[in-house]
Amino acid sequence: MAEIQLSLSVLLPILLLLYFLKLLWSRRHYPPGPLAFPIIGGLWRIAFEKGLDGTTPIKAAKQYGNVFTFWLGNFPMVILSGFDAVKEGLVDHSEELLDRRATPFFEKITQGKGVGFASGHAWKQQRRLSQMALAKLGVGKKTMEDRIEDEAQQLVEIFASEKGKPFDPALIITNSVSNVATSLIFGYRWSIEDPTFKKLVKSIEYILSYGLTIFALLYELFPSIMDHLPGPHKKAFESAEVLLSLSKEELRKHKEQEPTQEPRDFIDYFLLEMEKEKNKNDPTSALDEENLIHSIYDIHFAGLETTTTVMKWAVLILANRPDVQDKIIKKIEDVVGSSNICYDDHKKMPYTHAVVHEIQRYRYPIIMGVSRKTTTDVHMRGYIIPKGTFIAPNIRSALIDDEYWETPNKFNPNHFLDKDGNFVARKEFLGFSTGPRSCLGENVARMELFIFLTRLLRVFRFQPPPGVKEFTEEPARGITLPPRPYKVCAIPRNS
Ligand code: HEM
């Protein structure tokens, strides 16, 4: 018995060492990165950094280079960092990086369906359909701008009801941003008190906070084991199901309505296109109900957390900078006087347009970007990244790349202005990503941010509550990086 124990205690470390060396050898073609151990991969690095935040992958790139590998347990994630590497991946290798890949948790929720997570032909078909739907539904009786203006009006009314006292604007902003999407997708908006809306917000909050727990990490490492164990991951899946069942319910209601030839919203549009495809008898068509349910989910939620986070930062950043608010107001008065502001006015308000861009650059809402998958072996910077590899373009790193931005870590609207005060569209601004798979809702988001902000600033001056000199601009930790909860005073300008 003692002999067996002795042989085991000698053999086991040798076997582990051999296994470790085999892993190192099999990984030699991947770009370098934090040393990857069996089972945990490079996760020790996150523990070493005392958790994951926006700076963790940027620090790693400084050490290993702008194309590096991070081993999430046994599966490699190649991270592209800095403007040059991100652009090289998303533009120069756009076809090879066109497919989407999610981590096991999101893979289970999305099932590779819908416009945001499908790949190949299914993605192309849904992307084309969604672009056409957004264009078609954005014109006609109620344009996209009308929908956004309605919500801007609600924002103004609710902010006014606070009568200059400190209040947390988070839920109100979420409601307005969500309503722009729901009026487009479902054909209606919901009040801030609506129980379904409240349930939805709670579900999103749960998923986002779950993303930071040890259980989330364990799920990504051992999904098939974790699927059989209880824990917060189960509640996170239930929360995702709340969001998906909303899509299912809306689809059911639409199918019960009288068929229409003129689509009223995104669901109508998709159903009509589905019908046309059925008549073509194309067996490769991806226009089915499952993809519709996931596309509804994608369009609603891809825009919700991102746009809401930028808006929350906008209010906070402006409250910290009364001089920037004054400058915006002066420009508004010069350009439109007391008339209504429309989105087209951004061309005559370069300073305001620059401020909106700078807010999104300076406090980017996503921790890195949205991941892709290589469709073939990719030759990049001397490395061969095998087909099927998870690629994470770090958009945040491009937005604070010190080779391109004069003051990367400082709020500075001059990043987007020339010496005569004209707006300069910077190619390094990858706020909505770049290439054929860039953000589908870029125009909607740009319009929302401009109209919401100018409408609010015209009526209110934002400032921190009495006793607070300045809000912290340190983001909260998470998958998205919102500001820490705050209360702001919206002081009516005419008071
Ligand atoms: C400030 C707000 C927003 C930001 C920062 C943002 C950012 C992004 C980013 C970085 C991607 C990944 C692109 C890639 O893989 O290269 C993306 C994709 C996407 N966004 Fe946005 N987004 C915003 C608002 C919106 C809005 C309002 C909508 C909907 C109306 C939307 C819908 C989508 C969809 C559907 C995708 C997936 C596109 C695809 O895979 O083909 N986004 N967004």
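Two strands count as paired if DSSP finds at least two bridges between them, and strands themselves (E, at least two residues) and helices (H or I, at least four) are DSSP runs numbered from the N terminus. The views below come from a predicted model, in which local features need pLDDT of at least 70, side-chain atom pairs count only at pLDDT 80 or more, and totals for chains, interfaces and linings use all residues. Residues are numbered from 1 along each chain as its sequence is written, and side-chain values use heavy atoms, with hydrogens and water left out.

**View 1. Five strands make an open sheet.** Follow the strands in the order β1-β2-β7-β4-β3, and you will find that the pairing is mixed. At the edges are β1 (67–72) and β3 (99–100), each of which pairs on one side only. β1 and β2 (residues 75–81) run antiparallel and are joined by six bridges. Look for Trp71, which stands opposite Pro76 in β2. Strands of a sheet pair through backbone hydrogen bonds, either parallel or antiparallel.

**View 2. Cys439 holds the iron atom of the ligand as its only protein donor.** The SG atom of Cys439 is 2.3 Å from the iron. Donors here are N, O and S atoms within 2.8 Å of the metal (3.2 Å for Na, K and Ca); water is not among the atoms, so sites may look incomplete.

**View 3. A shell of 27 residues lies around the ligand.** Val115 takes part through a backbone N or O atom, 3.4 Å from a ligand oxygen. Two or more shell residues come from each of α6 (114–117), α7 (120–137) and α15 (289–319), and α15 gives the most, with six. The shell has 14 nonpolar, nine polar and four charged residues. In this sorting, Ala, Val, Leu, Ile, Met, Phe, Trp, Tyr, Cys and Pro are nonpolar, Asp, Glu, Lys and Arg are charged, and the others, Gly among them, are polar.

**View 4. The second largest pocket has 30 lining residues.** Nearest its centre are Gly54, Ile58, Ser397, Ile400 and Asn409. The lining divides into 10 nonpolar, seven polar and 13 charged residues. Its biggest contributor is α3, with four residues.

**View 5. The largest cavity is lined by residues that include Tyr343, His353 and Phe450.** On a 1 Å grid over the protein atoms alone, a cavity is a set of points where a 1.4 Å probe fits but cannot get out, while a pocket is an open set with protein on both sides within 12 Å along at least five of seven lines; lining residues have an atom within 4 Å of a point. Four lining residues, the largest share, come from α17. By class, the lining has six nonpolar residues, three polar and one charged.

Methods. Near = heavy atom within 4 Å. Polar contact = N/O pair within 3.5 Å; in protein donor to acceptor, adjacent residues only side chain to side chain.
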